Structures are given as structure tokens and as C-alpha cells.
Amino acid sequence: MRYSLFNVIVNGLTGNRFAEPAWRDAAPKPAYDVIIVGGGGHGLATAFYLAKNHGVRNVAVLEKGWIGSGNAGRNTTIFRSNYLLPGNEPFYEWSMKLWEGLEQELNYNVMASQRGIVNLIHSDGQRDAYVRRGNAMRLAGADAELLDRDQVRALAPFLDFENSRFPIKGGLLQARAGTARHDAVVWGYARGADQLGVDIIQNCEVTGFQRDAEGGVIGVETTRGAIRAKKIALAVAGSTSRVADKLGLRLPIESLVLQAFVSEGIKPLVPGVITFGAGHFYISQSDKGGLVFGGDLDGYNSYAQRGNLPVIEDVLEGGMAVMPTLGRLRLPRQWAGLCDMTMDGSPIFEIGPLPGLYLNAGWNYGGFKATPASGWCFAHMIARDEPHPLTAAMRLDRFRTGHLIDEKGVGAQPNLH
């Protein structure tokens, strides 16, 4: 259906009676070429690029709830490519390029808005670190600009520039960074994958796996019956360790809760994304006017999508330190997602570790921003049985060999043992 003002009015007055679904509510078939476990952004993007780039269309995406009910709908919607290390930065820069053409690629409005991100500088040592980061970004083809105090004040005059404890001395700007509507990203990839023949199967939880005599993975047991496949790919974010346990695998991942918050709606104030360099706090403004922000992980392992009060207090303290005007706003809503944290703060792409299995996990704080490149590279790995060059350093065996991608600055790290 072509949507016009007339369509909007008719559907609004009739309770969407004449609206067409954006994708089929598929029933599972007995077998597929590829099963993707996880109906979030990464799983759906993988299915889309498998079909579009590689012609693999006999694909099922299995989601235990509804698509986007996990981390894809529980984040702060930021995308950026301001990483430091060569094992990460080219990957995230490719993701940025895909973000920039995503609406044209999907023919769907994901409400991407490249308003920029500024990482605040509060000390001379931090300035040196951001000079290094900015140079690494530019070497990888990304944009980076070092701002002085006056330039930051011109962008964000509402910040506390007179704070003697956390003086603002400048910032690192990536102007191409921004935000996108997380739900729309899920819907766009779902519609695109469905149009290419992919089956999207909701309310279909994986309860176990089928194995052959050699230990290879050849199918899944689900709440909607057994389904076989030549290849089975896991893209289940914070539930990775729980699903892998059904295969007898213990992965170098712990799941922790990351909370996010939104204020009441106000007039436009925050121009892009701003991060507090002396504490863990980041903020942007949604199209509805709410200030969206987050901070540190909750300090305990959990699979629950809820947080606790001490972290709320800590995040709000960080916000007040850099932006005291927040104290005048009400905070009507909070939510939480599950971060699958690795020991080095970087993700895992792996063929295996069992025959027939493909692993996409360990996204830490980087899951949403990585969505397009994750799907692109994971589809390449599944279709060609080889790592994509952009994920060559993200193999699982780096934890055994010691070739870690220790990306400091991506956020707080858990105490993994």
C-alpha cells in the first residue's frame, strides 16, 4: 500500500482495519538452508543481507517473543564510529557508511539523524587520548575534529562550563554520528528480508538443538516444533550464554543490565549526542523532545530486563555534574537491556565452535550502532564460510591466544573471571 494522508486518516478512523502488514507472520517449515536465532536488529539484518548480497533466501529468523522485543528496542539509539583500535574502527566506520544509505537501501524511514557526537575533554591527559583517537579514526576514513572550549560552548551552551571539579576543556567531535529510531530499524530490516523470501517466525523459542553423530548442529527444538537447517546462526545478544549452554558451550561472556532513561519532552535543547568525560553519562534528545541518557552497567550478572536504584542515582549524579539544568526535569520512564560483555569490550564473530554453528555475540555497548555492519559481515561469514575481512580480529580464539582488542573507552567493563 502506498501511504498518503488519505491512507493515514482512513486507518486512524478504522483502527488500521485496511492496513497491510509490513511482513508475513510465517509458520515454520520443516527445514531451511539457514536458521538465524534472534529476531533483533542483528538477526534481521543478517537475514536481509544473506538474501540480498548472497542470494540465500531459504532462511528463517526465529524470535522467542516479537521481533525487536530484546535489546533492539531497549537502547539509546546512538550510532557512531569513534573507536580507536584497528580491530574495531574500520568495522564501525563501515557500519556508519551503511547507516548513511540505509533508508535508501530498505526504502524505509528509520529516522536516522546525523547530528553529531561530542566527547567532552576535562583534562590535559584526556585531550592527548582524544587526539590519538581522532587520528586513528581519520586513518580509518572516519571524520574527527578536535574542539576547544569555546567551540564546545558554541555547540552546547547549556553545559556547566564553570564547574571547577570537572572543567570542560574541549571535545572530540564526530559530526556524522547520530541517532535512529530503533523500532524503525527493526521494522525496515524485517520488511526488506520478508520481501526477499525470508520467513520471520515470532513466538518461537529455541529450547534445544539437534546434533549429528559427529557433534555437529543440524537443527533446533522450539516451542513450535523441531526445525532442521544446514547452518544455524546465533544472534541473541544478552541471551547468548544461556542459549550456548544448551549446546554445552561456555563462552567468555557475562550478561549485565544496562539502564536507559528519558525525561519529559521539552523544546529542542541538545543538538546531538554529548558524553561526559569525567564520568559515564551520555545524552541526546529524541524527536519527541525527551532527553535520552544512560551510563554505567548495573554491577551484577542478570538476565532480567530491569535495573536497580543505585545505578539510577549514579547516572543522574553524572548528568547533574555536567548539565545542572537536568534537575528541573521530571523522569517519567526508565528501561534496561542486556549487555553480553566480553573481557576486552569487543564483539565475537566465529564459525563454530561446533560444526554447523555460527556465532555473533559479545557486543558490550556497541550493539545498536553495529547493526548494519554486523548483519553484512555475519551474512558474509554464513554464506561463504569465511570471516569477513572487517571482523578478522574478532574471532573467538583471541581469548586463548591473547590477541585481545582491548577497546578502552567503550564503557565500563565487568569483572570477568
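The entries below go through what I looked up, and I kept in mind that this is a predicted model.

**Cysteines.** I searched the whole structure for disulfides and found zero. Cys-204 has a relative accessible area of 1%, so I noted it as buried. Cys-339 comes out at 5% relative accessibility, so Cys-339 counts as buried because the cut-off is under 20%.

**Helix α3.** I looked at the length of helix α3, residues 89-100. Its twelve residues should span 16 Å at 1.5 Å a residue, and I got 17 Å between the end C-alpha atoms, which agrees. Next I asked myself which residues in α3 are buried. My list has Glu-89, Phe-91, Tyr-92, Glu-93, Ser-95, Met-96, Leu-98 and Trp-99.

**Aromatic pairs.** I counted 16 aromatic pairs. One that I followed up is Phe-281 with Phe-293: the ring centres are 5.5 Å apart and the planes are at 40°, so I wrote the pair down as tilted. This pair links distant parts of the chain, with Phe-281 in strand β14 (residues 281-285) and Phe-293 in strand β15 (residues 290-301), twelve residues apart. Both Phe-281 and Phe-293 are buried.

I also traced a cluster linked by ring pairs: Tyr-83, Phe-91, Tyr-92, Phe-349, Trp-363 and Phe-378. Phe-91 and Tyr-92 were already on my list of buried residues in α3.

**Charges over rings.** I found the charged end of Arg-153 over the ring of Phe-161, 4.4 Å from the ring centre. The charged end of Arg-242 sits over the ring of Tyr-303, 4.3 Å from its centre.

Note on methods. Residues are numbered from 1 along each chain as its sequence is written. This is a predicted model: local features need pLDDT of at least 70, side-chain atom pairs count only at pLDDT 80 or more; totals for chains, interfaces and linings use all residues. Side-chain values use heavy atoms; hydrogens and water are left out. A disulfide is a pair of cysteine sulfur atoms within 2.5 Å. Buried means under 20% relative accessible area, exposed over 50%, partly exposed in between (1.4 Å probe, protein chains only). Helices (H or I, at least four residues) and strands (E, at least two) are DSSP runs, numbered from the N terminus. The expected span of a helix is 1.5 Å times one less than its number of residues. Rings of Phe, Tyr and Trp (its six-membered ring) pair if their centres lie within 6.5 Å; planes under 30 degrees apart count as stacked, over 60 as edge-to-face and the rest as tilted. A charge sits over a ring if NZ of Lys or CZ of Arg is within 6 Å of the ring centre and within 35 degrees of the ring normal.
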